[in-house]
Amino acid sequence: MKPRTSARRRFVRRAGPAPRTPRPLRRLIALLGALVLPVTGLVLLASPAQAAGASASFTKVSQWDSGFTGQWTVTNTGGAPLDGWTLEWDFPSGTTVGALWNGVLTTSGNHYTVTNASWNGTLAPGQSTTVGFSGSGSGNPSGCTINGEPCDGGGGTDGGTTDGGTTDGGTTDGGTTDGGTTDGGTTDGGTTDGGTTGGTDPPPGGHVNVGYFTEWGVYGRNYHVKNIADSGSAAKLTHINYAFGNVTGGRCTMGDSYAAIDKAYTAAQSVDGVADTWDQPLRGNFNQLKKLKQQYPHLKIVWSFGGWTWSGGFGAAMQNPTAFAQSCYDLVHDPRWDGLFDGIDLDWEYPNACGLSCDSSGPEVFEDMMRAFRQVFGDELVTAAITADASSGGKIDAADYAGGARYADYLHVMTYDFFGAWAAQGPTAPHSPLRSYDGIPQAGFNADAAIQKLKAKGVPASKLTLGIGFYGRGWTGVTQSAPGGTATGPAPGTYEQGIEDYKVLKNSCPATGQIAGTAYAHCGSNWWSYDTPQTIAGKMSYVRQQGLAGAMFWELSGDTGNGELITAIRSGLG
């Protein structure tokens, strides 16, 4: 029999002061357009107009030793609507494109062709849209054409760097741009909008490092936004997913509004050392995240909705996908905190399948949802956390994840919670195996099986992240050290039986062995499985080998005070 949660139970994400843990990107263009641009990193390739009615300009949004993030801005410079576009360019040998978003990429040697996505091909006169990608190497594009004509109206250019200034086509809140400019400021230790920036590390080699921050963690766990900075983690993350908003009554709603916008912080508790006042319009986690983002302008903050406890409302909400998506957009951009969030993460557990409750909307519902949110959120990040159940006829088979991926920046694959003490008598098994192994209790319950199945169904590897759990799952009454032993029930845990944070387990029950790319520990009569910095290094090597977008983890408070698991992810991504 399958465990009652099938391929993965994530922690219960619920409102209120008591954390429960039953189990369970603005686009990464966000990783581009909202990054503060070093003026020396701009490379522009277009004049404002051309006879063909379209132009394209290129910008290196950020750059480090081994690569860069790049952005093309396509603009309709004609007097009539532009119906579809094709962008082409060459890179010199040694410079390549990795993950690309907001378009469809084909390559032939050093020649790259990008056609519009289904939702950004039609541009009104003067309107722009953007295409972003991660690149390796140090070269600049040449021979640029848009719809067969030179991007600059004069035969193309190799693209020199500007002497400074702002770009001609940033992104806007909700779709294509009309040409605005970036907000200035410097990265890597400079200042922006009056705040001091954080660490000097660039994003990890074009990969994303996405961490969940739990709304309720400010209570019993005593974990606050300031801890992200104090641990050194903020400089090593690319995205923070704020968990969770609720889905109820066909709409997105707030979870715990006190924790989110009202809880007052003293100067010692605050990210910037400034205490909240009784009459300021915004306090709580949201205000602290705004301060963190000011100090670390590369960070993208995404509001995640649903989770294990609050997924039951998705089916009803999808009776009117456009109204559902619009309600979420309106909440994400509420005037009290507008500008904080760079997009939305949809954590539906699970479309057309069972989690805490069951859904029978049909396999097409996931694509319908992602399409609706892309249409409403435009160029902002639209991501989803998805099942890792690769068993035959399992949850991956239940919904059209490839169709939904067409409209997503990232699909965060929850490759953890495959096994746990909900099977109280065992057999003991690692909850986050990277690969299968002899004696695994359920075929298809491992990370590689999930990734390979999603890729085989047509989900681009460059849109998938590998999930990492910052916690262990364990049994008690175990006499056998190796996996496969019998048990008498769940091991004791700080907040709930059968689950414990890595920061506790590394000392209370250190790892005694490894299997299938993850670690396990047998101490006394307790048996735990969890990831360590060493096993995370192996998983990040897998991410690179498979061409995945990067890593996602649940959740920040499980790490040590100096962020050793986040550091392992950051280092492993290269």
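1. Both cysteine 252 and cysteine 328 are buried. The two are joined by a disulfide with an S to S distance of 2.0 Å, in what is a predicted model. The torsion about this S-S bond is 70 degrees, and the link is right-handed. Cysteine 252 belongs to strand S16 (residues 251-253) and cysteine 328 to helix H6 (residues 321-332), so the bond ties together parts that lie 76 residues apart in sequence.

2. Across the whole structure, the search finds 4 disulfides. With bonded cysteines counted along the chain, their pattern is 1-2, 3-4, 5-6, 7-8.

3. Another of these bonds joins cysteine 144 to cysteine 151, with S to S at 1.8 Å. The torsion about the S-S bond of this pair is about -65 degrees, so the disulfide is left-handed. Cysteine 144 and cysteine 151 are both buried.

4. Cysteine 354 and cysteine 358 also form a disulfide, with an S to S distance of 1.9 Å. Here the torsion is about 110 degrees, and the disulfide is therefore right-handed. As to accessibility, cysteine 354 has a relative accessible area of 38% and is partly exposed. Cysteine 358 reaches 57% and counts as exposed, because the cut-off for that class is over 50%.

5. Turning to the helices, how many of the 10 residues of helix H13 are buried? The helix spans residues 564-573 and is mostly covered, with 8 of its 10 residues buried. The buried residues are Glu564, Leu565, Ile566, Ala568, Ile569, Arg570, Gly572 and Leu573. After H13 comes glycine 574, whose phi is positive, near 85 degrees.

6. Helix H10 covers residues 447-456, and its buried residues include Ala447, Asp448, Ala450, Ile451, Lys453 and Leu454. An α-helix has 3.6 residues a turn, so residues three or four places apart point the same way. The cover over the buried residues of H10 includes strand S19 (381-386), helix H8 (395-398), helix H9 (401-405) and strand S20 (410-413), together with S21 and H12.

7. Just after the helix, glycine 458 takes a positive phi of about 105 degrees.

8. Leaving aside residues up to four places away in sequence, glutamine 288 touches Val225, Tyr265, Gln269, Ser270, Val271 and Asp276.

9. Threonine 518 lies in strand S26, which runs over residues 518-523. With a relative accessible area of 0%, threonine 518 is buried. Its contacts, again without residues up to four places away in sequence, are Pro430, Ser432, Pro433, Gly513, Tyr530, Asp531, Thr535 and Lys539.

Technical notes
Residues are numbered from 1 along each chain as its sequence is written. This is a predicted model: local features need pLDDT of at least 70, side-chain atom pairs count only at pLDDT 80 or more; totals for chains, interfaces and linings use all residues. Side-chain values use heavy atoms; hydrogens and water are left out. Contact means heavy atoms within 4.5 Å. Buried means under 20% relative accessible area, exposed over 50%, partly exposed in between (1.4 Å probe, protein chains only). Helices (H or I, at least four residues) and strands (E, at least two) are DSSP runs, numbered from the N terminus. A disulfide is a pair of cysteine sulfur atoms within 2.5 Å.
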